Amino acid sequence: MVVKKILAAAMSALAVTAGLVVAGGSASAAAPDCQTTTGYGVVVSSAPVKGLADGTAIGKIQLCRDAAYHYWAFVRFYSPLNASSWGDAYLYRYRDGVQVSKIDCGSGNGIVKPGETRCWTGTLDGMSGSYTFQAVGEVTSSHTGNVYAQGWTPITR
């Protein structure tokens, strides 16, 4: 019993000395995919966001879902955006093949501003079997208003 207490104290001291943050007994780190305001979901579909001029992948767009069939779009860029651009993700909902809804990061955590790398949309309900979804990620020039990078997932459930 005394040995266990000594070991526990030594491990705590080591974690503090190393600068580790321990929460609930394990190290805590943000997941890189399918983040939303209420937590994380599963990746339904993913695609690269590529520069329209040269095809270079600069990030990825993901169609995400939680256990209650709420869907959202999540975009993550591999490097922070520069001062002359902003990024956004769009979630399209289709009913029987016809677009019925479109939301963007303004309904989630806001657009990707210069120096940032990610954003997500709000969620849309997908309980009906007649709904399908598509996620689109874009980077736009703040000088010209032109989209210069884009990616989209297949339309899927």
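**Strands and surface of a predicted chain**

Visitor: Which residue in β13 stands opposite G51?
Guide: β13 covers residues 147-152 and runs antiparallel to β5, with 2 bridges between them; two strands pair if DSSP finds at least two bridges. Within this pairing, the residue opposite G51 is A149.

Visitor: How many helices and strands does the chain have?
Guide: This is a predicted model, where local features need pLDDT of at least 70, side-chain atom pairs count only at pLDDT 80 or more, and totals for chains, interfaces and linings use all residues. Residues are numbered from 1 along each chain as its sequence is written; side-chain values use heavy atoms, leaving out hydrogens and water. Helices (H or I, at least four residues) and strands (E, at least two) are DSSP runs, numbered from the N terminus. From that end the order is α-β-β-β-β-β-β-β-β-β-β-β-β-β, which comes to 1 helix and 13 strands.

Visitor: Which residue in β6 stands opposite S46?
Guide: β5 (residues 42-51) pairs with β6 (residues 57-65) in the antiparallel sense over 8 bridges. The residue opposite S46 is Q62.

Visitor: Which residue in the turn between β5 and β6 has a positive phi?
Guide: The two strands form a hairpin, with 5 residues between them. A positive phi of about 75° belongs to G55.

Visitor: What share of the residues is buried?
Guide: Buried means under 20% relative accessible area, exposed over 50%, and partly exposed in between (1.4 Å probe, protein chains only). Of the 157 residues in the chain, the buried share is 34%.

Visitor: What share of contacts between residues at least 6 apart joins residues at least 24 apart?
Guide: A contact means heavy atoms within 4.5 Å. Of the contacts at least 6 apart in sequence, the share joining residues at least 24 apart is 56%.
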